[in-house]
Amino acid sequence: GGGAGGEGVQKKGGGGDTWGGVMGRGLPFFGAGGAMLMENARHPYPVVSLFSGAMGLDLGLNEAGLRVAVSQDIDKWCVETMRRNDHLAIEGDIRELINDAPGCEFFLRASGIPREALFAVVGGPPCQSFSTAGKRLGVEDARGQLYQEFIKVVAALRPRFFIMENVKGLASMSANPADKQSKLVLETILESFKAIGYHTVHGILDAVHYGTPQFRERLVIVGSRDGEDIFLPAPTHFQRHQNPAMRWQTLGSAIGDLKDAGPHAQFSPAVQRYLALLGEGNNWKNLPKNIVQEAMGGAFESGGSKVGFYRRLNRAEPSPTLVTSPIQKATMLCHPTELRPLSVSEYARIQKFPDHWKFEGKTADCYRQIGNAVPTALGRALGQMLRSVAQGDAKVNAKRMRGTSVHRKLDSVETEDWGDDS
């Protein structure tokens, strides 16, 4: 059982050789040294992360004071990224890992978390099959089934809480697209969590409301084993606000001070020719009328708003949702003033990764890792919510509420639509 590049079990610090892997098959991961194992065992909020990618969600949870002790991914470059940043990573297909060890103890053994202390299991099961940008094959696609593996790990480890995130398309996806009567995948997932004894809350959150300089909607499901009063984190950033620190963050504020753009992909000469005619915030609709059809090709006749074609971003607004490559025709992410796509460093800034975070792989691998990530600021809000619930201080209880209609209105923020995200 070799690891990335056939290195086998990679050891880091003492104690890395104390664990034999699943069923004698050496699991490739950086063995946690004694000090790390001890810190994991002592921490009040230790977390196991699945489908961790480039660790956007994990970094945000850590910022909130939780401790992601071990992360897992099947993608070699994601695992290399975790290790390059000195993080304990288990590489492998979650289906095989669970098949070999249905009790999932290997997560606890590798990280030193005592079973009864496990605070949360978190992760975003790969979701292309539910994406509104994809073809929505849904549960028929093997990738659409991976939420079941997430549920299995929660059932085996029984953490106090879990956070499962996914693309918003999952919320409206039917379990069997061929059958009009079939129920929604989301209902099936919520029923499964209920069956293993977890109370859940769920909803679609937009990362722009939590300080991310990007519109990015995700479905979030939060679960509690002990029926605690979990909630979706209240927005902290608004389209209109008197305090500048609480307004939506813009693309300009995120990338304006980057001295060196660093590595980036290239647009083809043909695409560059058209982009050169467009100013900041423009797209295909702003091309000279006589060349629009030629520039758009087959897409000219197709329906839809096509906003992403020949799109030059605007520094005064939040970025559109980052995708796994900035040079795709229908979801182009061209720099506001330069004739190039957003760079890897700019991608990372827009997802709120710290500047010291290193991404492994070729440029395309780095774009993919960052484009698939949960923005760290959304992770932080979710982590803060779990901590406040655990500490029992999320809510100020007051006997007397004056002006109740005002309070009621503010109390419903979680369900209100804050500004126009179109």
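Two strands are taken to pair if DSSP finds at least two bridges between them. Strands (E, at least two residues) and helices (H or I, at least four) are DSSP runs, numbered from the N terminus. The model is predicted, so local features need pLDDT of at least 70 and side-chain atom pairs count only at pLDDT 80 or more, while totals for chains, interfaces and linings use all residues. Residues are numbered from 1 along each chain as its sequence is written, and side-chain values use heavy atoms, with hydrogens and water left out.

The secondary structure of the chain comprises 14 helices and 9 strands. Strand β7 spans residues 161–167. With strand β9 (residues 217–224), β7 pairs in the antiparallel sense over 7 bridges. In this pairing, F161 stands opposite S224 of β9. Strand β6 (residues 120–123) runs parallel to β7, and 4 bridges join the two. Here G123 is placed opposite M164 of β7. Strand β7 is mostly covered, with 7 of its 7 residues buried. Buried denotes under 20% relative accessible area, exposed over 50%, and partly exposed the range in between (1.4 Å probe, protein chains only).

Across the chain of 422 residues, 50% are buried. The chain exposes about 19400 Å², of which carbon and sulfur atoms supply 51%. Accessible areas come from the Shrake-Rupley method with a 1.4 Å probe; for residues, only the protein chains shown count as cover. Contacts are defined by heavy atoms within 4.5 Å. Among contacts in the chain with a separation of 6 or more, 64% are between residues 24 or more positions apart.

Rings of Phe, Tyr and Trp (its six-membered ring) pair if their centres lie within 6.5 Å; planes under 30 degrees apart count as stacked, over 60 as edge-to-face and the rest as tilted. A search of the whole structure returns 11 aromatic pairs. One of them joins F106 and F107 in a tilted arrangement, with 4.5 Å centre to centre and 35° between the planes. Both F106 and F107 are buried. The F353 and F359 pair is edge-to-face, because the ring centres are 5.1 Å apart and the planes stand at 85°. Ring pairs also link F150, F162, F193 and Y198 into a cluster.

F353 lies in the loop between α11 (344–350) and α12 (363–371). F353 is buried, as its relative accessible area is 3%. F359 is buried too, with a relative accessible area of 15%. Leaving aside neighbours within four places in sequence, F353 contacts A54, M55, G56, L59, A348, F359, I370, A373 and T376. F353 and L59 are 294 residues apart along the chain, yet their C-alpha atoms are separated by 8.0 Å.

Charges over rings were also examined. A charge sits over a ring if NZ of Lys or CZ of Arg is within 6 Å of the ring centre and within 35 degrees of the ring normal. The charged end of K76 sits over the ring of W77, 4.6 Å from its centre. R273 lies over the face of Y274, at 5.1 Å from the ring centre.

A disulfide is a pair of cysteine sulfur atoms within 2.5 Å. By this rule the count is 0. C104 is buried, with a relative accessible area of 0%. C334 is likewise buried, at 0% relative accessible area.
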